[in-house]
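Colleague: Hi! I'm new to this one, could you walk me through it?
Modeller: Happy to, let's bring it up.

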Amino acid sequence: MYAAVRRYEGVTDPAEAVRLVKEGFVPLMRQVSGFVAYYWIDAGDGVVVSTSVFQDRAGVEESISRAADFVRDNLASVLPNPPEVMAGEVGASA
(Lines give C-alpha, C1' and ligand atoms only; values in the text may rest on other atoms or scores of the structure.)
Protein backbone atom coordinates (compact mmCIF):
# COMPACT_ATOMS: atom_id res chain seq x y z
CA MET A 1 0.00 0.00 0.00
CA TYR A 2 0.96 3.62 -0.55
CA ALA A 3 -0.25 6.79 1.15
CA ALA A 4 -0.18 10.53 0.60
CA VAL A 5 -0.49 13.00 3.44
CA ARG A 6 -1.31 16.65 2.80
CA ARG A 7 -1.03 19.26 5.58
CA TYR A 8 -2.82 22.57 5.05
CA GLU A 9 -2.25 25.63 7.25
CA GLY A 10 -4.23 28.87 7.38
CA VAL A 11 -7.57 27.19 6.73
CA THR A 12 -10.14 30.00 6.85
CA ASP A 13 -13.36 27.95 7.14
CA PRO A 14 -12.88 24.33 8.21
CA ALA A 15 -16.61 23.55 8.14
CA GLU A 16 -16.98 24.74 4.55
CA ALA A 17 -13.79 22.94 3.55
CA VAL A 18 -15.01 19.60 4.92
CA ARG A 19 -18.41 20.06 3.27
CA LEU A 20 -16.79 20.62 -0.13
CA VAL A 21 -14.41 17.71 0.39
CA LYS A 22 -17.24 15.34 1.35
CA GLU A 23 -19.42 16.40 -1.58
CA GLY A 24 -16.79 16.70 -4.30
CA PHE A 25 -13.38 15.33 -3.45
CA VAL A 26 -14.22 12.05 -1.72
CA PRO A 27 -16.25 10.81 -4.72
CA LEU A 28 -13.35 11.81 -6.96
CA MET A 29 -10.88 9.78 -4.85
CA ARG A 30 -13.14 6.73 -4.97
CA GLN A 31 -12.79 6.75 -8.77
CA VAL A 32 -8.99 6.42 -8.65
CA SER A 33 -7.76 2.89 -9.34
CA GLY A 34 -6.52 1.10 -6.23
CA PHE A 35 -8.40 3.35 -3.77
CA VAL A 36 -8.33 2.03 -0.19
CA ALA A 37 -9.25 4.92 2.13
CA TYR A 38 -9.38 8.69 2.57
CA TYR A 39 -9.30 10.69 5.82
CA TRP A 40 -9.79 14.42 6.49
CA ILE A 41 -8.65 15.58 9.93
CA ASP A 42 -9.32 19.01 11.42
CA ALA A 43 -6.29 19.44 13.68
CA GLY A 44 -7.50 22.81 14.98
CA ASP A 45 -5.90 26.25 14.82
CA GLY A 46 -6.45 26.47 11.06
CA VAL A 47 -4.64 23.21 10.31
CA VAL A 48 -6.16 20.35 8.31
CA VAL A 49 -4.49 17.07 7.38
CA SER A 50 -5.71 14.66 4.72
CA THR A 51 -4.54 11.13 4.08
CA SER A 52 -5.18 9.10 0.94
CA VAL A 53 -4.37 5.37 0.86
CA PHE A 54 -4.05 3.33 -2.34
CA GLN A 55 -2.91 -0.13 -3.30
CA ASP A 56 -0.09 1.20 -5.49
CA ARG A 57 2.15 4.19 -6.16
CA ALA A 58 0.23 5.15 -9.32
CA GLY A 59 -2.96 5.69 -7.29
CA VAL A 60 -1.16 7.92 -4.81
CA GLU A 61 0.42 9.96 -7.59
CA GLU A 62 -2.96 10.41 -9.26
CA SER A 63 -4.52 11.42 -5.94
CA ILE A 64 -1.88 14.12 -5.44
CA SER A 65 -2.58 15.53 -8.89
CA ARG A 66 -6.36 15.41 -8.43
CA ALA A 67 -6.08 17.02 -4.99
CA ALA A 68 -4.07 19.93 -6.38
CA ASP A 69 -6.63 20.46 -9.14
CA PHE A 70 -9.60 20.18 -6.78
CA VAL A 71 -8.15 22.62 -4.27
CA ARG A 72 -7.29 25.11 -7.02
CA ASP A 73 -10.76 24.86 -8.59
CA ASN A 74 -12.96 24.50 -5.49
CA LEU A 75 -11.18 25.26 -2.21
CA ALA A 76 -8.78 28.15 -2.85
CA SER A 77 -10.85 30.54 -0.74
CA VAL A 78 -10.80 28.28 2.35
CA LEU A 79 -7.39 26.63 1.81
CA PRO A 80 -5.35 29.68 0.76
CA ASN A 81 -1.89 28.18 1.31
CA PRO A 82 -0.30 25.31 -0.62
CA PRO A 83 -0.07 22.09 1.37
CA GLU A 84 2.97 20.25 2.57
CA VAL A 85 2.72 16.93 0.70
CA MET A 86 4.37 13.68 1.75
CA ALA A 87 3.92 10.33 0.05
CA GLY A 88 5.40 6.87 0.20
CA GLU A 89 4.98 3.19 0.82
CA VAL A 90 3.09 2.17 3.94
CA GLY A 91 5.47 0.27 6.18
CA ALA A 92 2.98 -0.84 8.80
CA SER A 93 -0.77 -0.71 9.30
CA ALA A 94 -3.41 -2.04 11.64
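Colleague: Which residues do ring pairs link into a cluster?
Modeller: Phe25, Tyr38 and Phe70 are linked that way. Rings of Phe, Tyr and Trp (its six-membered ring) pair if their centres lie within 6.5 Å; planes under 30 degrees apart count as stacked, over 60 as edge-to-face and the rest as tilted. This is a predicted model, where local features need pLDDT of at least 70 and side-chain atom pairs count only at pLDDT 80 or more, while totals for chains, interfaces and linings use all residues. Residues are numbered from 1 along each chain as its sequence is written, and side-chain values use heavy atoms, with hydrogens and water left out.

Colleague: How many aromatic pairs does the structure hold?
Modeller: Four. One of them is Phe25 with Tyr38, an edge-to-face pair at 5.4 Å centre to centre and 70° between the planes. That pair links distant parts of the chain, with Phe25 in helix α1 (residues 14–30) and Tyr38 in strand β2, 13 residues apart. Helices (H or I, at least four residues) and strands (E, at least two) are DSSP runs, numbered from the N terminus.

Colleague: Is Phe25 buried or exposed?
Modeller: Phe25 is buried, at 4% relative accessible area. Buried means under 20% relative accessible area, exposed over 50%, partly exposed in between (1.4 Å probe, protein chains only). Tyr38 counts as buried too, at 13%.

Colleague: And what about Phe25 and Phe70, how are their planes set?
Modeller: Their planes stand at 45° with the ring centres 5.4 Å apart, so this pair is tilted. Phe70 sits in helix α2 (residues 57–75) and Phe25 in α1, so the pair ties together parts 45 residues apart in sequence.

Colleague: Let's look at α2, then. Which of its residues are buried?
Modeller: Gly59, Val60, Ser63, Ala67, Phe70, Val71 and Leu75. Seen down the axis of α2, they fall within an arc of 100°, so they line one face of the helix. The arc is that of the directions from the helix axis to the C-beta atoms.

Colleague: What does the face turned away from the buried side carry?
Modeller: The exposed residues Ala58, Arg72 and Asp73.

Colleague: Changing topic: how many bridges join β2 to β3?
Modeller: Eight, between β2 (residues 35–44) and β3 (residues 47–54), which run antiparallel. Two strands pair if DSSP finds at least two bridges between them. Tyr39 stands opposite Thr51 in β3. The two strands form a hairpin with two residues between them, and Asp45 in the turn has a positive phi of about 55°.
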